[in-house]
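The following paragraphs are intended to be read alongside the sequence and the coordinates.

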Amino acid sequence: MTDFSLNLNEDQLQIQKWVHDFAEGVIRPVAEEWDEREEFPWPVVQEAAQIGLYGVDFLLNAMGDPTGLTLPVAIEELFWGDAGIGMAIMGSALAAAGIAGNGTPEQVMEWVPQCYGTADNVMLGAFCVSEPDAGSDVSSLRTRAVYDEAKDEWTLNGTKAWITNGGIADVHVVVASVDAELKSKGQASFIVPPNTPGLSMGQKYKKHGIRASHTAEVVLDDVKVPGSCLLGGKDKLDAKLARARENVSTGKQPAMATFEATRPAVGAQALGVARAAYEYALDYAKERHAFGKPIIMNQAIAFKLANMATEIDASRLLIWRAAWLAKNGTFKNGEGSMSKWKASETAVRVTEEAIQILGGYGYTREYPVERWHRDAKIHTIFEGTSEIQQLVISRAISGLRIE
Ligand SMILES: Cc1cc2nc3c(=O)[nH]c(=O)nc-3n(C[C@H](O)[C@H](O)[C@H](O)COP(=O)(O)OP(=O)(O)OC[C@H]3O[C@@H](n4cnc5c(N)ncnc54)[C@H](O)[C@@H]3O)c2cc1C
């Protein structure tokens with residue numbers, strides 16, 4: 001076990017500065033442009049791959065850190081640069097986490113690198129759980145996976161909704177129902193390799209924020225994958241289904257296990273957006289004069305900033321605690337959910353207050369705070385809405401099946 005410390009070590013401080021420099025020098029100057037274009041920012045992701053910020057080695061190094069803090073520290077800086085581009089760089093990590101959380105060591109070795117490709121041939125991963133009628137309620141997935149024993153082959157059919165990198169990814173990790181009667185206990189995760197016939201992109205969504213991140217439907221029409229693409233393998237799935245049919249606990253479900261592990265990282269994304277807006281508003285409040293003095297000299301404005309600073313620090317502490325616990329213990333009271341809930345709601349409030357502090361300028365697209373406000377909002381929705389986080393926490397603290 002590694003002690004919890006608020007002092008980042010030398011490696012972490014270096015990574016923090018390295019990501020910050022990239023966010024400041026490369027991402028921020030083009031953030032507005034890619035938000036307006038609403039397109040995947042390939043040149044920026046390629047540049048991130050060239051310096052090793054987008055790539056499997058960076059992810060594995062960060063995830064391998066025994067304190068757990070390296071990843072949230074790096075993500076905060078990345079999203080301080082821009083959340084849409086940050087999501088384009090981080091989107092593949094969700095697929096990688098889905099593979100790492102459910103796959104055999106051989107599957108992890110084979111498929112996680114293919115979610116990233118190389119510096120000269122960038123590839124993407126997508127993690128496909130949500131469906132038009134199943135977002136929070138993951139137990140209702142309609143996508144079906146049917147096994148043909150003679151061919152050792154699975155056939156997938158269904159439609160996935162709101163998938164980050166959906167349809168443009170090289171590797172799609174698809175959660176599907178194998179036995180619908182067992183609800184979430186009858187689900188399994190599958191790799192759909194690059195260029196598999198039958199997988200196509202449905203509609204690409206036009207979004208409120210993180211517009212540089214690609215979000216689309218994924219249509220699975222008789223998609224056939226070999227038995228080796230079932231994450232964890234057939235024996236493990238058969239044993240799990242047998243236990244579920246006997247009504248014995250089967251442990252964590254594939255999609256839920258992935259989300260649980262990634263929540264502090266999502267909190268760190270929101271934190272980066274919140275900090276960007278706070279810093280901007282603080283500088284602005286010192287510069288902007290009204291009634292003959294800087295607006296920060298009014299308590300009404302200074303107290304807003306004091307509140308923003310405190311909420312941001314509180315969020316970071318919850319995120320670091322959850323990230324450390326994920327590596328050095330277990331979550332007891334929904335600490336992962338606490339961190340994501342607090343940071344995402346903080347980001348929405350802080351970015352709104354930043355608009356207020358900038359007044360009319362804040363409401364225009366000439367200043368970045370309105371974009372940060374739009375970008376902040378997604379964090380209260382994806383990877384578990386704020387209501388679902390509160391459900392997880394209330395169940396953890398009470399031991400009761402709160403509905
Ligand atoms: C930009 C973007 C990117 C995304 N990326 C991905 C991705 O890569 N992969 C993926 O699989 N999914 C992805 N999603 C989907 C996302 O995870 C879902 O949208 C989210 O889980 C909410 O599901 P829903 O939209 O169906 O809302 P619903 O589940 O319909 O919820 C609607 C409202 O009801 C509330 N609610 C629902 N159930 C309860 C309850 N039991 N108690 C209290 N309140 C409740 C919710 O909190 C919410 O306020 C993405 C979504 C967006 C917008």
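Which residues have the most contacts inside the largest nonpolar core? The model under discussion is a predicted one, and in it this core comprises 112 residues. The residues with the most contacts inside the core are Tyr-54, Ile-89, Phe-190, Leu-305 and Ile-357. Helix 8, which spans residues 254-287, gives the most to this core, contributing 13 residues. In soluble globular proteins, nonpolar side chains tend to be buried together.

Residues up to four places away in sequence being set aside, Phe-190 touches Ala-145, Trp-154, Leu-156, His-172, Val-173, Val-174, Ala-176, Val-178, Val-225, Cys-229 and Leu-230.

Attention now turns to the ligand. There are 19 residues around the ligand, of which Phe-127, Ser-130, Ser-136, Thr-385 and Glu-387 come nearest. Two of these residues can be described further. A polar side-chain atom of Thr-385 is placed 2.6 Å from an oxygen atom of the ligand, and a polar side-chain atom of Glu-387 likewise lies 2.6 Å from an oxygen atom of the ligand. Strand 3 (153-164) and helix 12 (386-398) are the elements that give two or more residues to the shell around the ligand. By residue class, the shell divides into 10 nonpolar, 6 polar and 3 charged residues.

Is Glu-77 buried or exposed? Glu-77 counts as buried because its relative accessibility is 4%, which falls under the 20% limit for that class. This residue lies in helix 4, formed by residues 70-81. Neighbours within four places in sequence apart, Glu-77 is in contact with Gln-16, Val-19, His-20, Ala-23 and Arg-275.

Glu-149, by contrast, has a relative accessibility of 65% and therefore counts as exposed, the threshold for exposure being over 50%. Glu-149 is found in the loop between strand 2 (144-148) and strand 3. The C-alpha atom of Glu-149 is separated by 8.9 Å from that of Gly-227, although the two residues are 78 residues apart along the chain.

Technical notes: Residues are numbered from 1 along each chain as its sequence is written. This is a predicted model: local features need pLDDT of at least 70, side-chain atom pairs count only at pLDDT 80 or more; totals for chains, interfaces and linings use all residues. Side-chain values use heavy atoms; hydrogens and water are left out. Helices (H or I, at least four residues) and strands (E, at least two) are DSSP runs, numbered from the N terminus. Buried means under 20% relative accessible area, exposed over 50%, partly exposed in between (1.4 Å probe, protein chains only). Contact means heavy atoms within 4.5 Å. A nonpolar core is a set of buried Ala, Val, Leu, Ile, Met, Phe, Trp, Tyr and Cys residues joined through side-chain atoms within 4.5 Å. A residue is near a molecule or strand if one of its heavy atoms lies within 4 Å of it. A polar contact is a pair of N or O atoms within 3.5 Å; within protein, one must be able to donate a hydrogen and the other to accept it, and residues adjacent in sequence count only if both atoms are side-chain atoms. Ala, Val, Leu, Ile, Met, Phe, Trp, Tyr, Cys and Pro count as nonpolar, Asp, Glu, Lys and Arg as charged, and the others, Gly among them, as polar.
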